[in-house]
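Visitor: Can you walk me through this model? I will ask as we go.

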Number of protein chains: 2
Amino acid sequence: MEIVSDPQDMQAVALDWRKLGRRIAFVPTMGYFHDGHLSLMRYGREQGDRLVVSLFVNPAQFGPHEDLDRYPRALERDRTLAQETGVDVLYVPATTDMYPPGYQTYVTVEELSQPLCGASRPGHFRGVATVVLKLFNQVLPHLAVFGEKDYQQLVVIKRMVADLNVPVEVVGRPIVREADGLAMSSRNTYLNPEERRSALCLIKALTHARDRAAAGETEANRILAEVKQIITATPLTRLDYAMVVDPDTLQAVETIRGAARLAVAAWVGGTRLIDNMLLEVN
Amino acid sequence: MEIVSDPQDMQAVALDWRKLGRRIAFVPTMGYFHDGHLSLMRYGREQGDRLVVSLFVNPAQFGPHEDLDRYPRALERDRTLAQETGVDVLYVPATTDMYPPGYQTYVTVEELSQPLCGASRPGHFRGVATVVLKLFNQVLPHLAVFGEKDYQQLVVIKRMVADLNVPVEVVGRPIVREADGLAMSSRNTYLNPEERRSALCLIKALTHARDRAAAGETEANRILAEVKQIITATPLTRLDYAMVVDPDTLQAVETIRGAARLAVAAWVGGTRLIDNMLLEVN
């Protein structure tokens with residue numbers, strides 16, 4: 001496995017591979033790898049001749065009072081895990097190379113960036129769209145793999161790629177969970193044991209909602225009332241949002257017809273967690 | 001010469017050429033070709049194995065009260081001229097394919113879009129940056145050629161390409177002028193004979209400024225006072241702006257050291273014209 005840090009070097013490697021007809025798979029990450037990341041890498045490994053994983057904690061997607069400075073980092077461990085997973089290039093650009101002095105170009109996916117996490121984190125998806133487009137232009141992948149835990153991110157990126165005609169296939173892959181159901185996240189490391197137990201209210205609420213829909217409940221408001229009840233009844237938690245949305249437009253759904261996505265964000269102690277679930281009414 | 005209108009077809013043609021190792025040159029235009037356009041095409045023809053010219057009057061870069069609807073069009077003539085100039089593909093996408101329902105992604109080059117034409121035409125450079133990035137992703141050129149008449153546009157696009165790591169080389173080419181000095185523009189067709197004579201105040205003011213700088217005048221304000229005097233003393237004209245700016249940052253320059261760019265916009269009758277000139281103090 002090669003470690004590349006210069007954006008121009010990365011682009012040159014990618015252009016060389018393309019000249020040789022290699023299919024490039026790409027997994028962008030902020031590092032601190034868990035099985036969720038590794039599942040994306042394994043999928044990319046299967047789908048591409050070459051696999052690039054980027055590791056970049058992107059300042060542009062953090063708000064001024066968010067956890068940029070304490071976001072967990074473990075480069076040596078990540079390097080070992082990436083190597084063991086068959087990554088060809090671990091791409092670790094420096095912030096000063098990604099956003100040099102005078103940097104001023106941003107990509108906005110307007111409507112899809114507004115609801116859900118966009119309402120709680122102004123500017124977040126502008127930062128995400130911008131860095132992902134930059135990374136795509138540096139890595140020049142045929143295929144890019146994202147986790148469905150950041151469901152709104154996946155929808156925003158798919159829309160950006162379609163709107164800007166970016167020649168990359170974007171694939172979303174299922175959420176990977178701990179044995180007790182907590183969605184894997186680098187931020188889970190912030191939780192103390194008591195908070196870790198409280199955090200299970202998210203998957204408890206989501207599976208309850210999934211079961212209610214599967215049993216024929218079509219009214220989003222009824223399901224949401226129960227979801228909110230489960231989360232707010234749990235110690236140490238504070239609900240940020242719970243919404244049933246159209247899987248493509250992210251607009252609130254009142255009556256579930258076929259499939260909808262339930263998206264939830266909640267604070268557990270000082271840690272903000274997100275999770276989501278497909279609701280299907282049969 | 002082939003005419004392509006579907007964005008996916010265009011991208012497929014470009015990907016095929018790239019697989020064969022062809023170097024793609026690209027000239028984006030809004031059509032109604034004049035010698036300015038043709039000079040860019042001839043340059044592209046020399047520099048690339050394949051030459052694509054796009055013809056798209058981009059609604060996203062026109063304000064609500066601007067001349068989108070009456071912008072001059074002459075597709076058959078343009079087609080003949082492109083063919084005669086050795087264009088391989090004339091790419092003429094439909095507005096509904098460029099901006100289908102639900103379209104919502106925009107690229108903003110923040111500081112560079114503010115002054116000069118950006119102040120008179122809010123949103124203009126957002127529309128320009130967005131459509132150029134889309135066209136780059138559709139045509140996948142190695143090299144893209146722009147005229148220096150739209151000087152701010154060139155600077156904005158160079159910045160976007162650098163900031164977003166777009167793998168395209170952007171080249172600016174000199175302004176092509178009529179025999180009497182008027183910068184060629186598709187909008188010159190709006191001018192009646194009297195306005196056409198008045199429009200010469202722009203090149204008169206610019207050459208005066210160039211000569212004053214060449215003779216050692218370094219104070220931008222003195223030069224600008226004379227430039228404004230020449231333009232406002234001309235019948236039928238109304239000055240929009242005249243500024244001496246840094247060639248890269250577009251920030252106003254007080255004292256010219258080495259080189260600066262004088263940029264001018266003026267209304268002549270109902271037609272807004274722009275022009276610019278390199279000022280060099282020796």
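**A glycine and its surroundings**

Guide: Apart from neighbours within four places in sequence, G44(A) is in contact with A25(A), F26(A), V27(A), L51(A) and V145(A). Two residues are in contact if their C-beta atoms, placed from the backbone, lie within 7 Å. This is a predicted model, where local features need pLDDT of at least 70, side-chain atom pairs count only at pLDDT 80 or more, and totals for chains, interfaces and linings use all residues. Residues are numbered from 1 along each chain as its sequence is written, with chains lettered from A and ligands numbered from 1 in the order in which they are written.

Visitor: Is G44(A) buried or exposed, and why?

Guide: G44(A) counts as buried because 27 other C-beta atoms lie within 10 Å. The cut-offs for C-beta atoms, placed from the backbone, are 20 or more others within 10 Å for buried, 12 or fewer for exposed, and partly exposed in between.

Visitor: Which helix does G44(A) lie in?

Guide: G44(A) is in helix α2 (residues 35-47) of chain A. Helices (H or I, at least four residues) and strands (E, at least two) are DSSP runs, numbered from the N terminus.

Visitor: Switching to domains. How is chain A divided?

Guide: Chain A has domain 1 (2-173) and domain 2 (186-276). Domain bounds come from an automatic or database domain assignment. The centres of domain 1 and domain 2 of chain A, taken over C-alpha atoms, are 26 Å apart.

Visitor: How many residues of each domain of chain A does the contact take?

Guide: 13 residues from domain 1 of chain A and 13 residues from domain 2 of chain A. On the domain 1 side, α5 (117-120) and α7 (151-163) of chain A each supply at least two residues, and α7(A) gives the most, with three residues. By class, that side of domain 1 of chain A has nine nonpolar, three polar and one charged residues. Ala, Val, Leu, Ile, Met, Phe, Trp, Tyr, Cys and Pro count as nonpolar, Asp, Glu, Lys and Arg as charged, and the others, Gly among them, as polar.

Visitor: And between the chains, how many residues does the contact take?

Guide: 23 residues from chain B and 23 residues from chain A. On the side of chain B that touches chain A, the largest share, five residues, comes from β5(B). That side of chain B has eleven nonpolar, seven polar and five charged residues.

Visitor: What does β5(B) pair with?

Guide: Strand β5 (residues 105-109) of chain A, in the antiparallel sense over five bridges. Two strands pair if DSSP finds at least two bridges between them. Y106(A) has T108(B) as its bridge partner in β5(B).

Visitor: What about the sheet with β8, β9 and β10 in chain B?

Guide: It is an open sheet of three strands in chain B, ordered β8-β9-β10, with antiparallel pairing. The edge strands are β8 (237-245) and β10 (271-280) of chain B, each pairing on one side only. β8(B) and strand β9 (residues 259-268) of chain B pair over eight bridges, and R238(B) has W267(B) as its bridge partner in β9(B).
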